[in-house]
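Hi,

Here is the structure I promised to pass on.

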Amino acid sequence: MIHYKAIAKVMGGLLMLLGLLMLPGIGFSFYYKSGDQMPLIYSAFVSMAIGGLLFFSFSKEDQNIRKREGYLIVALSWIFMSIFGMLPYLVSGTLTNLSDAIFETVSGLTTTGASVLNDIEALPKGILFWRSMTQWIGGLGIIVLTVAIFPLLGIGGIELFVAESPGPTSDKLHPRIRETAKRLWYVYVGLTVLCTGLYYIGGMDFYDAINHALTTLATGGFSTKNASMAFFDVPFIQYVAIIFMFLAGTNFTVIYFGIMGKFDRVWKSDEFKAYVLVVGLIIIGLTIPVFFIGGLEFEKAFRDTAFQVVSLITTTGYVTADYTSFGHGLTILFFLLLFVGGCAGSTAGGIKFIRHLTFFKNTLLEFKRIVHPRAIVTLKINSDRVSGKIITHIMIFLLIYLMVFVIGSVMLSILGYDMLTSFGAVATCLGNVGPAIGNVGPLDNFSFFDPFTKVLLSAIMLLGRLELFTILVLFTPYFWRAN
């Protein structure tokens, strides 16, 4: 039996939190006199009022959250946050089409960064800040934020944390799950503040600095400028962005250990070592052809290559150059980066390095098993044995990921879109990246899609952000059976 009262209470807490998070946007709106105060105030009031009604209608005893409720709460929380998160767009008239508002909000919360807005710089300051805030909220995870801030919602927190945590592993920094969530958010907030300061030192004004810091650490990619990061053609700013995008794509547990001086724990992570090695080799490998093809100075070629590689691998989606202009071969290589993803436990989307690493190691060991069929061959990650159950889980995830990509691409092709655009749109939405290829390249947006396609791509974004299983398990008969 599913405890719907517990679910309703948590939904209420989330909506109250959403309303509170609209307050900074209201502050910026008043400061800059951008005229969007009332739409934001109305949206915040509606969210907090409905959330308060749900939250206070049920007692503490109604908070019986088990694994089944955990998965349902995580799925519903992202849907509820998307529905109420689009109120500022609709009330202010920034977006008048429901499918556009859904797409922009889901893209923000899932940190995809794809947009239907044609003139971002024309948006009021408060709405634009809310747009950036949606990515920051979704970056480390809505449930992780809730578990960290609302102790009353901490009951059953482990079920919520596991259901939402990106990647096949979710290392705990503390035996109490709420303390783990808090420490992750301390790191997240601290890096955001530091990034804001460095952007400001580099020449951004405070408003642009804080907006870009929010979306950099969230690996979201929303910008306050139509040209994205290309607008800030300053080496210092772009190198700061590269560094913080890379950090945001790193497991936050690893970053925490690094901050605490536990470097042995940092280098124990096979995933982190693979992340550093692969990103470094790809940057080195692609800088040379970009240098010769683009006719740029070497530093500029290196910076553009490093920026695009890190941005795509970490699924941030910022752009400083049109990588589709580097030739068909390099375009394909950059497209393949959409399927990489950052580390598990980071704010990045995508498949995640830990899954690629496990797949690669298991493939090599399979050749050893073929040659030595009687040998006992075990797969190890971080010097720990990986169980067959986890290996199977990862293999199934990769297969389902490929199936969703193929089915989604076929559906878009049937709807009348060309092959490159279909492949690019589905790949970038499923991986929560932003730019892709075809008509959704780094200089384009998603406004030309019809309403049905926008809703479909929004669903794919949610599916990718919640790592497939959290959503798909709800459509199985096993989930709804009493026992």
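First, some ground rules. This is a predicted model, so to speak: local features need pLDDT of at least 70, side-chain atom pairs count only at pLDDT 80 or more, and totals for chains, interfaces and linings use all residues. Residues are numbered from 1 along each chain as its sequence is written, and side-chain values use heavy atoms, with hydrogens and water left out.

**The whole chain**

The chain has 23 helices and two strands; these are DSSP runs numbered from the N terminus, with helices (H or I) of at least four residues and strands (E) of at least two. Of its 483 residues, 57% count as buried, where buried means under 20% relative accessible area with a 1.4 Å probe, protein chains only.

The predictor's confidence in each residue is its pLDDT, from 0 to 100. The chain averages 87, and 90% of the residues reach 70 or more. Helix H12 (residues 235–248) has the highest mean, 97, while helix H9 (residues 157–164) has the lowest, 45. Residues 151–164 fall below 50, although this stretch has 45 contacts in the model beyond near neighbours in sequence. Where pLDDT is low, the predicted coordinates should not be read in detail.

**Two helix pairs**

Two packed helices are described by the angle between their axes and the distance between the axes. Axes here are lines fitted to C-alpha atoms over the stretch in contact, and angles run from 0 to 180 degrees between N-to-C directions.

Start with H1 (residues 4–21) and H4, whose axes come within 10 Å and cross at roughly 35 degrees. On the H1 side, the residues that meet H4 include Leu15 and Leu18, and on the H4 side they include Phe80 and Phe84. By class, this contact has 12 nonpolar, two polar and one charged residues.

The second pair is H15 (residues 270–294) and H17, which pack at about 145 degrees with axes 11 Å apart. Leu286, Pro289, Val290 and Ile293 of H15 touch Leu330, Leu333 and Phe334 of H17.

Phenylalanine 84 sits in helix H4 (residues 67–85) and is buried, at 13% relative accessibility. Leaving aside neighbours within four places in sequence, its contacts include Leu15, Met22 and Ile50. Its C-alpha is 7.8 Å from that of leucine 15, which is 69 residues away along the chain.

Serine 422 belongs to helix H20 (residues 419–430). Is serine 422 buried or exposed? It is buried, with a relative accessible area of 0%. Its side chain makes a polar contact of 3.4 Å with the side chain of serine 413 and reaches the backbone oxygen of aspartate 418 at 2.9 Å. A polar contact is a pair of N or O atoms within 3.5 Å; within protein, one must be able to donate a hydrogen and the other to accept it, and residues adjacent in sequence count only if both atoms are side-chain atoms.

Serine 346 lies in the loop between H17 (328–336) and H18 (353–371), and is buried at 2% relative accessible area. A polar atom of its side chain is 3.1 Å from the backbone nitrogen of alanine 348.

Cheers

Methods: Buried < 20%, exposed > 50% of the residue type's maximum accessible area, 1.4 Å probe, protein only. Contact = heavy atoms within 4.5 Å. Nonpolar A, V, L, I, M, F, W, Y, C, P; charged D, E, K, R; others polar.
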